[in-house]
Amino acid sequence: MSMTVSRRLFMAGVTLAALALLAVPAFARTVTDSAGRTVEVPDTIARVFAAGPPASTLLYVVAPEKMTGWVRAPREAEKPYLQPAVRDLPELGRLTGRGDTLNLERLVAAKPDIIIDFGTINDTYRSLADRVQAQTGIPYLLIDGRFENTASALRLLADVLGVKDRGEVLAGAAEAIFKQVDTVVAAVPTDKRPRVYLARGPEGLESGSRGSINTEIIERVGAVNVVEGLREKGGLVNVSAEQVIAFAPDTVITLDRSFFEGVAGKPAWAPVPAVTNKRVFLAPGLPFGFIDSPPSVNRLIGLTWLLHTLYPDKAPGDLKAQVRDFYKLFYQVDLDDSALARLLDGAG
Amino acid sequence: MRNAAALPAVLPILVAVLLGVAIIASGIGPYRIPPQDVVAALARRLVGAANPAPIDTVLFQIRLPRVLAAALVGAALAAAGAAYQSLFRNPLVSPDILGVSTGAGLGAVVGILLGLPVAAIQFLGFGGGLATVFIVAALAKALRGGGDILVLVLAGIVVGALAGAAISLVKVLADPYEQLPAITFWLLGSLAGVKPGDVAATLPVVVIGIAPLLLLRWRIGVLSLGDDEARALGVEVSRLRAIVILAATLITASVVAISGVIGWVGLMVPHMARLLVGPRFDRMLPASILIGAAFMVAVDTLARSGARIEIPLGVLTAVIGGPLFVWLLARGRRSALP
């Protein structure tokens, strides 16, 4: 009730704002999220809870000082690549619907001003947001997680959290990266584009079929994902070594170090063109994956990395400098030479 | 039969234990509310007064619905387990014998894959469980006229395995970052997302399912003597069997829809009841219901406050239930069997 009253006062432009601020702890304003839900959020937001790993990364990039915890606590190897202030925040678990690992009481106890989720927008997540919001009384904002939507997502969250300027800078950088990729790729004839296989798992036999969120970035950079899916929007798949030979990828991108180090010695992989031509690359993953894990804003630097890896003659600028700039701007950490070398170790 | 206490003496004790466990559980949780504040909040709620903001939310929106849901889930699974064990005259039978949980799991994961609202996912879970048992019963009937209990169980295994395979397929097709964790956690069983409305929606279904079991408890007990003896005593075996299967399926499917798949409770609790009051079904059923409710409330309290993140219920019931079951069997080998 008092919320509505003070909002009316606000909208009427009554200059008693200072007094009202003393009487009511927080002004409320309404925000429309990516699902079209109208959410009433406090004017000043100091503590934000992220519902899953992609949201966690988005929040870290936009406003690390407002984080209440992690979905999964950072590992030792990842900590040097994160701001000192957030390295030891608690692990809180995730909200997924029926079987959350997050306890709602703990969520309330963490006293967030707002909950955000970044990812698929469908009825499941819409109703989950409505339920949690009704049950805990904490505003719950859904942000569209499609890769193409990255710049808008950065702007939306920054705007809600009251750091509009930072959002504008980050969104601009994201748009510049997409534009750079498009410019380079447009100059490469379709039949000259690399045919890429994404090798996941220690045997490299787990992959993502065309259209899956895991390989989205490969297609975004103009390459052909050799794994054809059963359906339009693919998912993770298991493939046989024989199948990989039949796919004949000229480039293999892997997320697994043990596969990367052992692939040259595996007889089954010897006939694969990418292995013969020594075009197997290990995607960096500190503190967040370059290709996915999670599929969030961290993939922006993955795009730059893929551009340099797949089109070394055409990609503009120096990769190391671009990685350093990205980490400075997005993750707010300075990479020294050894940190940078460790990050890009094996990346070609 | 040794040491089997008389039911009238045991029931009030079990009711008191259940109430005690529920009250203690209401005071425990990651959000600390001192006991006097819990009592004060309940009192204020009773007279219609409001409580300080977080206490009202935590107690009445989150914790009490979970305690009630846990009691409901435990009572339902134990009742279904007791009924099935008597019906099949086999102490190793659990509520999932005819594939209810697997079918419910399939319904729910399809709902998650299709991106349906949470309520629709629950409804699909409920429907999937019921549908599975109807398919099993129809299959058994087509094969052997429905009279043979062995054919019924084998049909249950086959249909359950098919549903399990379909769940695996859905997992492969699901988005690994959002849907797959949801599916995995759902199948492990949890009450983390329970809302007051879920309890209100499930309670009547469970009552409707348990009522015929309680009303027919003497006749169901006679079934465990064997079909011929039961017929000689004037029991219409196949109709009674159909009623028991329907009732047990209904309650299992309805609680699986709000809690996900939770193993062990339905298998183990009837054995605990049997040790306490003896193998007679008319005594064992009420005891199972009360023990199951208290057990589940205690386990869920551990699940939500034992670690920083939620421990899946299915994991806890197996870890606690497995060793406890072995100990029960070792202690009362003879009376543990029906």
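**Entry: the largest pocket.** I began with the lining of the largest pocket, which has 33 residues, and A:Arg72, A:Arg75, A:Glu78, A:Gly285 and A:Ser293 lie nearest the centre. My search ran on a 1 Å grid over the protein atoms alone: a pocket is an open set of points where a 1.4 Å probe fits, with protein on both sides within 12 Å along at least five of seven lines, and a lining residue has an atom within 4 Å of a point. Helices here are DSSP runs of H or I with at least four residues, strands are runs of E with at least two, and both are numbered from the N terminus.

I then wrote down the volume, about 920 Å³, taken as the space filled by probe spheres set on grid points joined across faces, edges and corners. By class I found 17 nonpolar, 6 polar and 10 charged residues in the lining. Ala, Val, Leu, Ile, Met, Phe, Trp, Tyr, Cys and Pro count as nonpolar, Asp, Glu, Lys and Arg as charged, and the others, Gly among them, as polar.

**Entry: how to read the model.** This is a predicted model, where local features need pLDDT of at least 70 and side-chain atom pairs pLDDT 80 or more, while totals for chains, interfaces and linings use all residues. Residues are numbered from 1 along each chain as its sequence is written, chains are lettered from A and ligands numbered from 1 in the order written, and side-chain values use heavy atoms, without hydrogens and water.

Entry: Most residues other than glycine have a negative phi, and most peptide bonds are trans. I found a cis bond joining A:Leu286 and A:Pro287, with omega about -10 degrees. Another cis bond runs from A:Ser293 to A:Pro294, with omega near -10 degrees. I placed A:Pro287 in the loop between β11 (280–282) and α13 (299–310) of chain A, and A:Pro294 is in the loop between β11 and α13 of chain A. A:Ala248 has a positive phi, near 50 degrees, and sits in the loop between α10 (241–247) and β10 (251–254) of chain A.

**Entry: where the chains meet.** How many residues of chain A are in contact with chain B? I noted 39, against 44 residues of chain B, contact meaning heavy atoms within 4.5 Å. The buried area is about 3700 Å², and carbon and sulfur atoms give 53% of it; this is the accessible area (1.4 Å probe) that two parts lose on being put together, summed over both.

A:Glu105 pairs with B:Arg63, the closest N and O atoms being 2.7 Å apart. A:Arg131 forms a salt bridge with B:Asp198 at 2.9 Å, N to O. A:Arg131 lies in α6 of chain A and B:Asp198 in α8 (residues 196–215) of chain B, so this pair joins two chains.

Terms used. Salt bridge = Lys/Arg side-chain N within 4 Å of Asp/Glu carboxyl O.
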